[in-house]
Amino acid sequence: MAIEIVRVERTSDELRHLACRTDDTAQARRLLAIALVLDGASRKDAARAAGMDRQSLRDWVHRYNDEGVDGLCDRARSGRPALMSRDQLAEFDQMVERGPDRQADGIVRWRCIDLKEQVATRFGVDISERSVGRILNERKFSRLVPRPQHPKSDEVRQEAFKKTSQKQ
């Protein structure tokens, strides 16, 4: 016997809209599958369209009935605990946003290897360059950095050097 979707506070269109707005692709697939079922598609077709089997869809419908939209997210898995605490990650974020100090750090922009060394000296945590890159990606830092400025540059001389165009 097919399990029935008992939550009716959201329509299938609202579920599709939520699926478009979520960053979690797995949750989006599950929302779309449930929206298909609400529209009257068979469980088999809805599961196939979402890239899962019928039994998995049945399990997700149970979770949706019990917990709503938030129940369609993956739960935290047990495993090795994080190497850096939340406070350390918050300090790491501030350090990355501030950028390096030319005098103290001797560099003009952060690279993963530089951040790895900073994490080791500040927090006593030895992580790989790849882990630093993963943390930066998870924390939504982009690879774009402002163009560095030479410490001995003179803005007055640069402005004087710039050519001005003659308007005709």
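## Overall architecture

Read along its sequence, the protein shows the pattern α-α-α-α-α-α-α-α-α. Its secondary structure amounts to nine helices and zero strands; helices (H or I, at least four residues) and strands (E, at least two) are DSSP runs, numbered from the N terminus. The radius of gyration is 26 Å, well over the 15 Å that the globule rule gives for 168 residues, so the protein is more spread out than a compact globule. This radius is taken over C-alpha atoms, and the globule rule is 2.2 Å times the number of residues to the power 0.38. Along the principal axes, the C-alpha atoms fill a box of roughly 80 × 60 × 25 Å.

This is a predicted model, in which local features need pLDDT of at least 70 and side-chain atom pairs count only at pLDDT 80 or more, while totals for chains, interfaces and linings use all residues. Residues are numbered from 1 along each chain as its sequence is written, and side-chain values use heavy atoms, with hydrogens and water left out.

## Surface, burial and charge

Of the 168 residues in the protein, 29% are buried. Buried means under 20% relative accessible area, exposed over 50%, and partly exposed in between (1.4 Å probe, protein chains only). The accessible surface comes to about 13,100 Å², and 47% of it belongs to carbon and sulfur atoms. Such areas come from the Shrake-Rupley method with a 1.4 Å probe; for residues, only the protein chains shown count as cover.

The protein carries 33 positive and 28 negative charges, whose mean positions are 5 Å apart. Lys and Arg count as positive and Asp and Glu as negative, whereas His and the chain ends are not counted. The place of a charge is taken as NZ of Lys, CZ of Arg, CG of Asp or CD of Glu.

In soluble globular proteins, nonpolar side chains tend to be buried together. A nonpolar core is here a set of buried Ala, Val, Leu, Ile, Met, Phe, Trp, Tyr and Cys residues joined through side-chain atoms within 4.5 Å. The largest one has 19 residues, and those with the most contacts inside it are Leu-15, Ile-34, Met-52, Leu-57 and Tyr-64. Two or more residues each come from helix H1 (12–21), helix H2 (25–38), helix H3 (43–49) and helix H4 (54–67). H2 gives the most, with six residues. A second, separate core of 15 residues includes Ile-107, Trp-110, Leu-115 and Ile-127.

Contact means heavy atoms within 4.5 Å. Not counting residues up to four places away in sequence, Leu-15 touches Arg-10, Leu-31, Ile-34, Ala-35, Leu-38, Tyr-64 and Val-69.

Ile-5 is found in the segment before H1 and counts as buried, at 10% relative accessibility. Leaving aside neighbours within four places in sequence, the partners of Ile-5 include Ile-34, Leu-38 and Tyr-64. Ile-5 and Ile-127 are 122 residues apart in sequence and 45 Å apart in space, C-alpha to C-alpha.

## Exposed loop residues

Pro-81 is found in the loop between H4 and helix H5 (86–98). With a relative accessible area of 62%, Pro-81 is exposed.

Lys-140 lies in the loop between helix H8 (129–138) and helix H9 (155–161). Its relative accessibility of 68% makes Lys-140 count as exposed. Phi of Lys-140 is near 65°, a positive value in a residue other than glycine.
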